[in-house]
Amino acid sequence: MATTCNGFVVLCFLSLLACAAINGQLSPTFYSSTCPNLQSIVRSGMTQAVNRERRLGASILRLFFHDCFVNGCDGSILLDDTATFTGEKNAMPNANSVRGFEVIDTIKSSVEAACPATVSCADILALAARDGVVLLGGTTWTVPLGRRDATTASQSAANSNLPGPGFSLSQLISSFANKNLNARDMTVLSGGHTIGLARCVSFRPHIYNDTNIDPSFASQRQQSCPSSGGDNNLAPLDLQTPTTFDNKYFQNLVAHRGLLRSDQELFNNGSQDALVRQYSTNDAAFASDFAAAMVKMGNISPLTGTSGEIRLNCRKVN
């Protein structure tokens, strides 16, 4: 009798999981029976990538952000252009900028070898983004899973939905609010700029035209970013620890050493000044809030149940 009862309980539990997926709710245990080694496979792939080039931790985090902000976290940013649609890779915010696609390809191949036609590219990207942060010394979080992959992509949506490096505070708040992320989420997620590099073309207006910037810092950045030319010259978003995930980004903002105009807007006599000051002195608060906001961002309009597909190759639909 007990055995029957336990079996019934397990059956009910599995039914609940299935219903949750169909109803659009993600679950951390989504692949526990169908691909039990998924998380270790993704972590291994990300470890190899970050060991090869630490910047890739930041690149994959940005890839996930740019995926989620365009029609939800559906892996659409990974799709190459086809005869029937123009994808997101060459949209203005992404062209010559987003990178790390080959890392996701490599991890996907490993996952397919272990669990064929089971795990979405969207979920692999969500896990890889988390692991990149952890491998660079940042916090961890539990990633809800069960996303499915989009069968199309939209360059126009990428051009209109992604916040730009010249955005004002009000534009940033509005852009994130459109994705059901509040101003606190926006500020803490901007802390992802504690790692990674930016191109001269994205920070040139701030270092030459703005007054809310430390003059010595502006002069330092101008040496590698001329007023014209050198658009693709790179500089670290966090000048203190560019390959370590910490709260130094917020310390930079308090010192008026934010690289992008949109960075410094978070600390510019506005509504986010107090929160920036808090994060600049309390790394634990930043880590905790960042983890929560990443889960929230990862829940933006996922395809679940029978929507979308499980892509076999992340670059093209089946």
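A pocket is an open set of points, on a 1 Å grid over the protein atoms alone, where a 1.4 Å probe fits, with protein on both sides within 12 Å along at least five of seven lines; lining residues have an atom within 4 Å of a point. This is a predicted model, in which local features need pLDDT of at least 70 and side-chain atom pairs count only at pLDDT 80 or more, while totals for chains, interfaces and linings use all residues. Residues are numbered from 1 along each chain as its sequence is written, and side-chain values use heavy atoms, with hydrogens and water left out.

**Largest pocket**
- Elements that supply at least two lining residues each include α3 (55-68), α7 (169-177), β1 (197-199) and α14 (283-298); helices (H or I, at least four residues) and strands (E, at least two) are DSSP runs numbered from the N terminus.
- The largest share of this lining, 8 residues, is from α3.
- By class, the lining of the largest pocket has 24 nonpolar, 12 polar and 5 charged residues (Ala, Val, Leu, Ile, Met, Phe, Trp, Tyr, Cys and Pro are nonpolar, Asp, Glu, Lys and Arg charged, and the others, Gly among them, polar).

**Second largest pocket**
- The second largest pocket has a volume of about 160 Å³.
- Residues lining the second largest pocket include Ile-41, Gln-48, Arg-52, Glu-102 and Ile-107.
- Two or more residues of this lining come from each of α2 (38-52) and α4 (101-114).
- The largest share of the lining of the second largest pocket, 6 residues, is from α2.
- This lining divides into 4 nonpolar, 5 polar and 2 charged residues.

Terms used: Grid points are joined across faces, edges and corners, and a volume is the space filled by probe spheres set on the points.
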